[in-house]
Amino acid sequence: QLDFMDRIVIYTDGGCRGNPGLGGWGVWLRYKGKEKKLKGAEQDTTNNKMELTAAIKALESLKSKDIAVDLYTDSKYVIQGINDWIGGWKLKGWKTANKKPVKNVELWQQLDELNQAFQVSWHWVKGHSDDPGNDMADLLANEAMDEAS
């Protein structure tokens, strides 16, 4: 069991102006007193795609696999998908319970691979509730959209 100091804390957020529309994602990582901020934007995307992209970009940015990760997101879609739904989707060949293809399957497959490569604990945080980490990730996502528009 790694102690708390050997954990990286990540906050991710994604959003869209219009859904679909211009989207942005933001990531705030903190580890041993250091921080890193990541952000990006895409045209003609969705909220859910941006939430997934934020989590993917966060995990892709990590240098070492020997580190425990606490990842915080305000997306129930991401939390439920990674914690509850993904096992069933994989068993059914990436189909939902009602036999439809999983939406955003390429992103879910990337996230699944990264989730297995790292020791990730997934945490849901209420959006826009004065959580400093969530507020920073939201700010970065919005900056990315401002810069892209």
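This report describes the sheet, the helices and some backbone features of a predicted model.

An open sheet is formed by 5 strands, arranged in the order 3-2-1-4-5 with mixed pairing. Strand 3 (34-45) and strand 5 (119-124) are at the edges; each has a single partner strand, so one side of each lacks a neighbour in the sheet. From one strand to the next, the twist averages 20 degrees. In general, the strands of a sheet pair through backbone hydrogen bonds, in either a parallel or an antiparallel sense.

| Strand pair | Sense and bridges | A bridge in the pair |
|---|---|---|
| Strand 1 and strand 2 | antiparallel, 9 bridges | Arg-17 with Leu-22 |
| Strand 1 and strand 4 | parallel, 6 bridges | Thr-12 with Thr-73 |
| Strand 4 and strand 5 | parallel, 6 bridges | Ala-68 with Gln-119 |

Strand 1 (7-17) takes part in two of these rows: it pairs with strand 2 in the antiparallel sense and runs parallel to strand 4. How much of strand 1 is buried? Strand 1 is mostly covered, with 10 of its 11 residues buried.

**The hairpin of strand 1 and strand 2**

Strand 1 and strand 2 form a hairpin with 3 residues between the strands, and Gly-18 there takes a positive phi near 90 degrees. The loop between strand 1 and strand 2 also holds Pro-20. The peptide bond that leads from Asn-19 to Pro-20 is cis, and its omega is near 10 degrees. For comparison, most peptide bonds are trans, and most residues other than glycine have a negative phi.

**The helices**

Helix 1 (residues 47-60) lies across strand 1, strand 2 (21-31), strand 3, strand 4 and strand 5. The direction of helix 1 is at about 155 degrees to strand 1.

How do helix 2 and helix 3 stand to each other? The axes of helix 2 (residues 76-91) and helix 3 (residues 105-117) come within 11 Å and cross at roughly 95 degrees. Because angles of 65 to 115 degrees count as roughly perpendicular, helix 2 and helix 3 are roughly perpendicular to each other.

On the side of helix 2, the contact involves Tyr-77, Val-78, Gly-81, Ile-82, Ile-86, Trp-89 and Lys-90. These residues meet Trp-108, Leu-111, Asp-112, Asn-115 and Gln-116 in helix 3. Sorted by class, the contact of helix 2 with helix 3 has 7 nonpolar, 3 polar and 2 charged residues.

Which of the words buried or exposed applies to Asp-44, and which to Asn-104? Exposed means over 50% relative accessible area, and buried means under 20%. Asp-44 therefore counts as exposed, at 63% relative accessibility. Asn-104 counts as buried because its relative accessibility is 16%.

Definitions and conventions. Residues numbered from 1 in each chain as written. Predicted model: local features only at pLDDT ≥ 70, side-chain atom pairs only at ≥ 80, totals over all residues. Heavy atoms only, no water. Pairing = 2+ DSSP bridges. Helix = DSSP H or I, 4+ residues; strand = E, 2+ residues; numbered from the N terminus. Axes fitted to C-alpha atoms, helices over the stretch in contact; angles between N-to-C directions. Contact = heavy atoms within 4.5 Å. Parallel < 35°, antiparallel > 145°, perpendicular 65-115°, else oblique. Nonpolar A, V, L, I, M, F, W, Y, C, P; charged D, E, K, R; others polar. Buried < 20%, exposed > 50% of the residue type's maximum accessible area, 1.4 Å probe, protein only.
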